[in-house]
Amino acid sequence: MILHKLRIVYMGTPDFAVLPLKKMVEAGFEIVGVVTNPDKPAGRGQKLQESAVKQYAREAGLKILQPEKFRDETFLAELKALNADLQLVVAFKMLPEVVWNMPRLGTVNLHASLLPDYRGAAPINWAVINGEKYSGVTTFLLKHEIDTGNIIFQQKVDISDTMTAGELHDMLMETGAELLLKTVEAMEKDDFPALDQKDLLKGRTPQAAPKIFKDDMRIKWDEEIDRIYNLIRGLSPYPAAWTELENERSGEKYVLKVFTTEKICREHANTPGSFETDGKNFVDVFVKHGIIRLKEIQLSGKKRMTIEEFLRGFKLHEYRFL
């Protein structure tokens, strides 16, 4: 194994950040500390749950820091004492300058888009929602404005017409782990590019990837077929696109999450949002320029299920989509 000299602090929390950390450890880099979110209560029992990164770091015997606040003096002193040459950030919170400017080589972020496009909190979701044909991962050096630092490396990946955000997430996680390793190896040799994002933009406004709110996730059945289809796959499996069912007699409403659909492009004379079903095997919702065929859904309070399972226990003909 190659003997690496860099002392590295790794910062991340969710599943997406585990594989890049694992790759760094397996490559023999010295991870002197892992910074992750504090444990949080979850589930019905509200038991404290560790982040995915903490679970891996604990199993790997790495030092773990879980600050409530990044400007906390005790945390800053502990971080400084690690004497890191470089910090790596993957799917983590915004850091104050006192943190990202601490190591001599600075702090590198792995971002799940081809910067300068899709800066922000949800680049994977928005790339699919917007019907992009490709996305990718970028490593860059942190600076004041979010996701604007000088780019080191990028790797492009194709997005198929049926790919969900979950599938793109997993692909970018694999690609990103390799790219981060390549980046650290280049920085160790002090042989790496640092491209100014302004030069790449050439005056245009980049695509944004803001945080996704509940109303962004609502299916609007009067929209065009591709817009609806891409919204559903761009939010699948999480946080999931949703619609409402209303009982035409009682007015009772249910929230219905939609995970998987089929797009059928053909003209029709039906009202957008109306549907047809045989009550057993299919539900076709009419939209502009086609049909959205529901495949996997989840009724509020129930588990995720196929449309066949749903129709066995729900009298859909008594309802309408809102």
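Trainee: Which residue in strand 8 is the bridge partner of N109?
Mentor: F140 is the bridge partner of N109. The model is predicted: local features need pLDDT of at least 70, side-chain atom pairs count only at pLDDT 80 or more, and totals for chains, interfaces and linings use all residues. Residues are numbered from 1 along each chain as its sequence is written, and side-chain values use heavy atoms, with hydrogens and water left out.

Trainee: What makes the stretch 134-141 strand 8?
Mentor: The assignment follows DSSP: helices are runs of H or I with at least four residues, strands are runs of E with at least two, and both are numbered from the N terminus. On that count the chain has 9 helices and 16 strands.

Trainee: How do you know that strand 7 and strand 8 pair?
Mentor: Two strands pair if DSSP finds at least two bridges between them. Strand 7 and strand 8 have 4 bridges, so they meet the rule. The sense is antiparallel. V108 stands opposite L141 in strand 8.

Trainee: What is the sense of the pairing between strand 6 and strand 7?
Mentor: It is parallel, over 4 bridges, with strand 6 covering residues 86-90. Here L88 stands opposite V108. Strands of a sheet pair through backbone hydrogen bonds, either parallel or antiparallel.

Trainee: Is K202 buried or exposed?
Mentor: K202 has 74% relative accessibility, so it counts as exposed. It is found in the loop between helix 7 (197-201) and helix 8. Its phi is positive, about 50°, although K202 is not a glycine.

Trainee: What does H289 count as, and why?
Mentor: H289 is at 42% relative accessibility, so it counts as partly exposed. H289 lies in the loop between strand 13 (283-287) and strand 14 (290-299). Its phi, near 70°, is positive in a residue other than glycine.

Trainee: What makes the largest pocket a pocket?
Mentor: The search uses a 1 Å grid over the protein atoms alone: a cavity is a set of points where a 1.4 Å probe fits but cannot get out, whereas a pocket is an open set with protein on both sides within 12 Å along at least five of seven lines. Lining residues have an atom within 4 Å of a point. By this test, 40 residues line the largest pocket, and P14, A91, A121, A122 and P123 lie nearest its centre.

Trainee: What is the volume of the largest pocket?
Mentor: It is about 1400 Å³. Grid points are joined across faces, edges and corners, and the volume is the space filled by probe spheres set on the points. The second largest pocket holds about 330 Å³.

Trainee: What is the lining of the largest pocket by class?
Mentor: It has 22 nonpolar, 10 polar and 8 charged residues. Nonpolar means Ala, Val, Leu, Ile, Met, Phe, Trp, Tyr, Cys and Pro; charged means Asp, Glu, Lys and Arg; the others, Gly among them, are polar. Helix 6 gives the largest share, 4 residues.

Key:
Buried means under 20% relative accessible area, exposed over 50%, partly exposed in between (1.4 Å probe, protein chains only).
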